[in-house]
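Work through the exercises below with the model open. Try each task before reading its solution.

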Amino acid sequence: MRPALTALLCLGMAQPALADCSADAMLVFDGSASMAAPGLVLSDPPRIDEARRAMARALPLVEHTRRIGLITYGPGPEGSCDGVTFRLAPIPQAAQSILDVLQTVDPNGQTPLTKAVARAAETLDHRNRPAVIVLVTDGDDTCDGAPCALADRLAGEAADLTIHVLGFKIADAFAIGDLQRRPIPRAAIEAGCLADRTGGTYVLTDTVEDLVAALDRTLGCLVIGALPPTRRPA
């Protein structure tokens with residue numbers, strides 16, 4: 001875990017909760033084809049397996065805090081951008097129901113994350129009620145979506161909507177060394193603007209432990225400043 005992330009997470013956990021923890025939440029989970037690839041080390045298991053492990057650790061800790069629902073995106077015909085699937089409306093004690101669904105997700109298709117986040121906002125009746133969206137993604141929209149334009153629209157019309165963006169094992173290039181190709185972590189993703197413009201958390205996570213901590217702080221009881229924003233290139 002990055003040292004700055006570790007320190008601020010620990011600080012955040014020691015602080016009293018500063019934000020309302022009662023708003024319904026939608027988890028928007030990446031099931032695109034890239035989630036079947038290994039993480040930042042080529043000997044790693046598929047990203048989706050590690051993301052499931054993180055969910056299995058985090059969700060039982062936060063399910064008592066608020067009602068949580070689930071939308072997945074990606075699975076569908078190869079190369080398809082139509083794979084946004086509504087799975088569960090926000091329900092209490094949602095951990096096992098969500099985990100059962102995630103076990104059935106077979107990564108495929110593109111990354112229509114903008115469309116998935118918009119669907120989550122509508123599900124939460126965001127114009128009339130406080131709402132939280134937590135997006136877990138291993139990359140940016142690949143379906144001509146415009147996440148920043150969506151962020152502006154949602155911020156303008158929502159009653160009280162917070163979107164958190166948790167990047168997981170994001171890489172977009174490879175280095176050659178030690179007789180193998182190694183992914184190079186990306187410094188930022190465009191989808192981070194969804195968090196920037198709605199007051200949410202934007203963080204890139206490289207390990208299961210990173211992702212568990214980020215899920216705990218965003219789906220649990222948000223503490224302002226608990227996670228540092230990822231710096232964007234100048």
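**Exercise 1.** With which residue does Glu122 form a salt bridge, and how far apart are the closest N and O atoms?

*Solution.* A salt bridge is a side-chain nitrogen of Lys or Arg within 4 Å of a carboxyl oxygen of Asp or Glu. Glu122 pairs with Arg127, and the closest N and O atoms are 3.1 Å apart. Next, check exposure: buried means under 20% relative accessible area, exposed over 50%, and partly exposed in between (1.4 Å probe, protein chains only). Glu122 is partly exposed at 42%. Arg127 is partly exposed at 38%.

Before going on, note the ground rules. This is a predicted model, where local features need pLDDT of at least 70 and side-chain atom pairs count only at pLDDT 80 or more, while totals for chains, interfaces and linings use all residues. Residues are numbered from 1 along each chain as its sequence is written, and side-chain values use heavy atoms, with hydrogens and water left out.

**Exercise 2.** Trace the salt bridge of Glu50.

*Solution.* Its partner is Lys169, with the closest N and O atoms 3.2 Å apart. Glu50 is in helix 2, and Lys169 is in the loop between strand 5 and strand 6 (171-177), 119 residues away. Both Glu50 and Lys169 are buried.

**Exercise 3.** Contrast this with Glu63: which side chain of opposite charge is nearest?

*Solution.* Locate Glu63 in the loop between helix 2 (47-62) and strand 2 (68-73). Lys and Arg count as positive and Asp and Glu as negative; His and the chain ends are not counted. The nearest opposite charge is Arg66, 12 Å away. Glu63 is thus buried without a salt bridge.

**Exercise 4.** In what order do the strands of the open sheet run, and which stand at the edges?

*Solution.* The order of the 6 strands is 3-2-1-4-5-8, with mixed pairing. Two strands pair if DSSP finds at least two bridges between them. Strand 3 (84-91) and strand 8 (202-205) each have a single partner strand, so one side of each lacks a neighbour in the sheet.

Technical notes:
Helices (H or I, at least four residues) and strands (E, at least two) are DSSP runs, numbered from the N terminus.
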